[in-house]
Amino acid sequence: MGASSSTESNLMASLQRNLSKIVVAPSFAASLFFVYGFIIWTAWMAFSKSRMMPVYDWAGLRQYERLWQMERWHVAIENLLIFGGLFIVICLFLGCLLAVLLDQRIRAEGVLRTVFLYPMALSFIVTGTVWKWILNPGLGLEKMMHDLGWATFKFDWLVNSDFAIYTVVIAAVWQASGFIMAMFLAALRGVDQDIIRAAYMDGASLPRIYFGIIIPSIRPVFLSAIVVLAHLAVKSFDLVIALTGGGPGYSSDLPATFMYTMAFQRNQLGISAASAMMMLATVMAIIVPYLYSELRGGKKNG
Amino acid sequence: MADLQTYGQDSGLKHTLLRGLLYLVLILFSIYYLFPLFVMVTTSLKSLTEIREGTLISLPRVVTFDAWNYAWNEACVGVECSGIKTFFWNSVQMAVPAVLISTILGALNGYALTKFRFKGANIVFAMLLFGCFVPFQVVLLPMSVTLGKLGIANSTTGLVLVHVVYGLCFTTLFFRNYYVSIPDELVKAATIDGAGFFTIFWRIILPISGPIIVVSIIWQFTQIWNDFLFGASFSSGGSAPMTVALNNIVNTTTGVKQYNVDMAAALLTGLPTLLVYVLAGKYFVRGLTAGSVKG
């Protein structure tokens with residue numbers, strides 16, 4: 001190839017590279033503005049005196065102080081811990097159990113998988129609507145049990161301020177556990193069969209093989225699942241709105257519903273922004289270490 | 001796969017019993033997962049009197065589609081009593097452009113970031129990726145100010161913009177990870193032949209992108225159709241998407257509570273995504289795992 005055609009191809013290549021940049025530029029700009037810019041903007045609002053309208057007079061940490069003095073915020077945080085903790089633990093347990101059960105050469109495995117996973121395709125609003133009907137104390141589960149002959153059965157969690165948050169756990173587990181099952185099942189299928197065979201030859205029992213070899217070897221999936229679930233828990237909003245509306249009172253509020261109420265109903269933009277920043281910090285505390293280890297460990301999947 | 005059969009340590013009766021137990025447990029779990037769907041369907045087909053007399057699990061004695069008809073044509077969303085159908089079309093008008101735009105941009109981004117890598121491409125990708133994790137509460141207030149300034153507050157256009165912007169990170173992620181595994185030689189050979197950026201994309205890359213396009217479309221469609229937060233925050237009255245309308249119908253406190261209508265409306269809202277799931281479940285799961293494990 002001659003020198004001139006080589007420069008030409010260099011020119012072409014350089015043009016192509018620029019074209020590549022030009023193509024990515026709008027998305028990158030959108031991300032800079034709508035993600036990074038907005039985070040800074042919210043952070044700024046949280047340092048301002050904003051109430052009904054956004055104003056940008058510096059108020060220091062005043063909004064954060066007010067936030068942490070609010071009983072309602074403490075309820076929301078406590079609920080997040082209860083909800084998040086139970087949601088993660090139950091989903092992990094159910095997901096893992098279902099995956100192991102399905103891994104036993106089950107006939108109609110495809111059908112069962114579809115059944116376990118379909119709730120994930122629904123909107124949380126739909127899920128909330130159904131469970132609200134099922135769990136309603138008048139005509140729902142309670143009446144069903146009465147008619148079946150269990151006359152003293154009582155289930156009023158939905159309208160009981162001490163227990164309303166647990167109904168959110170019930171519905172959320174129903175929705176998300178199938179997905180965790182799918183994650184585990186994929187991982188189980190990837191376990192090296194030779195090791196299992198060897199262990200079996202050595203006389204290990206099936207439970208021992210599972211607890212001793214298979215489950216430890218899919219440890220990374222546990223971590224991924226926990227991160228996914230924690231992320232879902234912190235962002236939970238729709239389900240609470242549809243199921244309990246945050247009530248009775250504000251007894252089943254989560255940070256996400258708290259933030260929304262302050263922003264769009266209570267005209268407390270500053271507090272709202274401060275609570276959003278707290279949520280961001282929580283998510284970052286979960287995601288950043290995870291991503292860091294993922295990117296360092298599995299560079300090839302990038 | 002480790003299972004009892006391959007390692008048949010239990011023989012005869014014990015084995016049969018264990019298998020039976022296994023299937024029993026699986027069936028019980030299936031009942032648990034199917035129960036809400038069953039309740040939704042049966043309740044939506046009953047009259048209110050039957051709902052009050054029967055229980056959750058009683059089948060409708062007389063099947064009636066009145067509740068479906070009422071939910072679609074007459075149910076009140078706020079002060080507007082013309083059913084959920086207008087809101088269904090709102091959701092369609094919001095989802096279709098948002099899904100298409102974000103998928104096209106995602107494909108181009110993924111292609112550019114892998115096949116025509118520029119300096120800093122990795123950093124750009126990492127920065128885009130970050131958007132997948134941000135809890136949307138942190139962008140709600142600025143977004144509502146911005147949409148107001150742009151004059152597209154409370155409009156479908158506004159929601160399309162929002163969904164495109166926050167869907168981009170996922171679609172870029174899907175395509176980027178898919179294109180990484182396509183050999184660079186393919187592109188290099190075409191470059192030497194004189195093909196340009198878009199020619200290569202159109203002639204070589206796009207024809208082999210089928211599966212990931214499906215994954216991206218399904219993921220985006222499910223996300224956008226099921227969204228409630230953005231819909232509730234940035235729309236009002238007649239421009240609201242279907243999820244917002246459903247929530248409105250269900251939580252209306254005036255009048256007699258029509259559980260059958262609630263259930264019919266919930267089913268109508270859930271049907272499009274359920275349909276997608278049933279028809280293309282494999283791609284749905286792929287999107288889920290790619291979208292949440294890696295992103």
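Biologist: In which handedness of crossing, left-handed or right-handed, does H3(A) pass H10(A)?

Modeller: This is a predicted model, and in chain A the helices concerned are H3 (residues 71–102) and H10 (residues 219–235), whose axes come within 9 Å and cross at roughly 145°. The way in which H3(A) passes H10(A) is a crossing that is right-handed.

Biologist: How many nonpolar residues does the contact of H3(A) with H10(A) have?

Modeller: On the side of H3(A) the residues that meet H10(A) include Leu80(A), Phe83(A), Phe87(A) and Ile88(A), while among those that H10(A) brings are Phe222(A), Ala225(A), Ile226(A) and Leu229(A). Sorted by class, this contact has no charged residues and 2 polar ones, and the number of nonpolar residues is 13.

Biologist: Why is H7(B) described as roughly antiparallel to H10(B)?

Modeller: In chain B, the axes of helix H7 (residues 156–180) and helix H10 (residues 210–226) come within 10 Å, and they cross at roughly 155°. Angles over 145 degrees count as roughly antiparallel, and therefore the crossing angle makes the relation of H7(B) to H10(B) roughly antiparallel.

Biologist: How many polar residues does the contact of H7(B) with H10(B) have?

Modeller: H7(B) passes H10(B) in a right-handed crossing, and among the residues that H7(B) brings to the meeting are His163(B), Gly167(B), Phe170(B) and Thr171(B). From H10(B) come residues including Ser216(B), Trp219(B), Gln220(B) and Gln223(B). By class, the contact has 8 nonpolar residues and no charged ones, and the number of polar residues is 6.

Biologist: Which helix gives the largest share of the side of chain A that touches chain B?

Modeller: The contact between the two chains takes 86 residues from chain A and 78 residues from chain B. On the side of chain A, the largest share amounts to 18 residues, and the element that provides this share, covering residues 3–46, is helix H1 of chain A.

Biologist: How many charged residues are on the side of chain A that touches chain B?

Modeller: When the residues on this side of chain A are divided by class, 62 of them are nonpolar and 15 are polar. The remaining class in this division is the charged one, and its number is 9.

Biologist: How far apart do the C-alpha centres of domain 1 of chain B and domain 2 of chain B lie?

Modeller: Chain B is divided into domain 1, which takes in residues 12–64, and domain 2, which takes in residues 85–294. The distance between the C-alpha centres of these domains is 34 Å.

Biologist: Which helix gives the largest share of the side of domain 1 of chain B that touches domain 2 of chain B?

Modeller: The contact between these domains of chain B takes 7 residues from domain 1 and 7 residues from domain 2. On the side of domain 1, the elements that give two or more residues are helix H1 (12–44) and helix H2 (48–53) of chain B. The largest share, 4 residues, comes from H1(B).

Methods
Residues are numbered from 1 along each chain as its sequence is written. Chains are lettered from A and ligands numbered from 1 in the order in which they are written. This is a predicted model: local features need pLDDT of at least 70, side-chain atom pairs count only at pLDDT 80 or more; totals for chains, interfaces and linings use all residues. Ala, Val, Leu, Ile, Met, Phe, Trp, Tyr, Cys and Pro count as nonpolar, Asp, Glu, Lys and Arg as charged, and the others, Gly among them, as polar. Axes are lines fitted to C-alpha atoms, for helices over the stretch in contact, and angles run from 0 to 180 degrees between N-to-C directions. A crossing is left-handed if the near helix is turned anticlockwise from the far one by less than a right angle, and right-handed if clockwise. Angles under 35 degrees count as roughly parallel, over 145 as roughly antiparallel, 65 to 115 as roughly perpendicular and the rest as oblique. Domain bounds come from an automatic or database domain assignment.
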